[in-house]
Amino acid sequence: MAQFYSPKRRMTTRQNSPVLTLTVDNLDPFGQGVAHHNGKAIFAPGVLPGEQAEVQLTEEKNKFAKGRLKHLLSCSPQRVKPRCPHFGMCGGCQQQHADESLQQQSKAAALVRMIARETGVTPQQEPVIAGPQYGYRRRARLGLLWQPKQQRLVMGFRQAASSDLVPVTQCPVLHPELEQLLAPLRACLSALQVAKRLGHVELVLADNGPVLVLRHLDALKEDDRQALQAFARTKNVTIYLAPDSDSLEKLCGETPYYQVDGLRLDFSPRDFIQVNDSVNQQMVAQALEWLSIQPNDRVLDLFCGMGNFTLPLARRAAAVVGIEGVATLVANGQYNAHKNRLNNASFFHENLEEDVEQQPWAAQGFDKVMLDPARAGAAGVMSHIVKLAPERVVYVSCNPTTLARDSKVLLSAGYRLARVRMLDMFPHTGHLESMALFINGSAPEVAAK
């Protein structure tokens, strides 16, 4: 399986490593400049294509090496000033120094290259599905650490390749409603009696307002509960308490929900929802268009979560069956189907990495298949998809390597790769998400828009 170089991999550091003058000719999906010297790829974070720089080698392998930017000798017109004051220290973003078009172009090109290399099929590059470059994140998890010497609570994100926290006062990629909570939230938590025994805090922006989940290691006293409730009233925040990884207590506020395709989906703040609402809305609409759902269709939605695709599909198809491995998500999917009066959607709690042939849904027939697996892909279910012989398959992927691997199963069975689009779900980061349409045999292809 082809792999990207990961900037988080630890390699042998050379002592007295040389300084090379390099010209970067490419940008990898992680936002690192790629140059070549004596036949070896040199990865140089912070350097853009077309720029010349002095780079000191810091880590080296037989076929590639990593360097540290010492001095930039020329600047690309696609270089921009990072908006975040923590960029370069915080590990959340890697590409704020590159403009939007360069980020998207490099990721889309990497996606096409990987699919072509692994499958022998070169997809046509299509417009990237994108939304706002900043203020897009509706979910974040911040670490909390009490520093006894300074007698202060640090709240922030992890450094790149480190467990150390970067104190964060701003985060431009967070939705403004969440970013505005950072300073007052830290002040509130610092004043709690339990401040020394806090683990982390999760922020989620639901359509009905911000949600806060506080992980606390000791029981909260009544004064702390009242302080949090006062904060919630002032900032219009729903607060949940998490004394451990399994428990969740709503302290105050409303049940969170978000909307997609005109449907309301209630969720628990620990449930998985797509971080980028704008891209999610477009992604669901694109999947519906590609699947070309007809009123008599039976549709299978694998790795369905709480119904992000399932319920919109149910509005158009005769029946939709969702399969998910997390029991709470299945329960929420069933609840939301009932609440939205979608009686043609059913959900199964099954592990799709096990023998799916023995699972109760597997004996049913389906005209179309939708799947949105985790990074590991869908190796355990691809052969059964082929056996079902659906007319169309839409595969949403957060890992191009497993997308390419799983695509080969469909291509070998006579499907053709009709469409591929990159999803800019996480601007300024190394995450590369995409969606692909496979069509069986001589079925008509969807015209590009």
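A residue is called buried when its relative accessible area is under 20%, exposed when over 50%, and partly exposed in between, using a 1.4 Å probe and protein chains only. Helices (H or I, at least four residues) and strands (E, at least two) are DSSP runs, numbered from the N terminus. This is a predicted model, in which local features need pLDDT of at least 70 and side-chain atom pairs count only at pLDDT 80 or more, while totals for chains, interfaces and linings use all residues. Residues are numbered from 1 along each chain as its sequence is written, and side-chain values use heavy atoms, with hydrogens and water left out.

Strand β21 is mostly covered, since eight of its nine residues are buried. Strands count as paired if DSSP finds at least two bridges between them, and β21 pairs with β22 in the antiparallel sense over eight bridges; Leu423 has Glu433 in β22 as its bridge partner.

The elements discussed here are listed below.

| Element | Residues |
|---|---|
| Strand β21 | residues 415–423 |
| Strand β22 | residues 433–440 |
| Helix α7 | residues 327–339 |

The expected span of a helix is 1.5 Å times one less than its number of residues. For the 13 residues of α7 this gives 18 Å, which agrees with the 18 Å between its end C-alpha atoms. Within α7, Leu329, Val330, Asn332, Gly333, Asn336 and Ala337 are buried. These residues lie on the same side of α7 because they cover an arc of only 165° around the axis, where the arc is that of the directions from the helix axis to the C-beta atoms. After α7 comes Arg341, whose phi is positive, near 55°.
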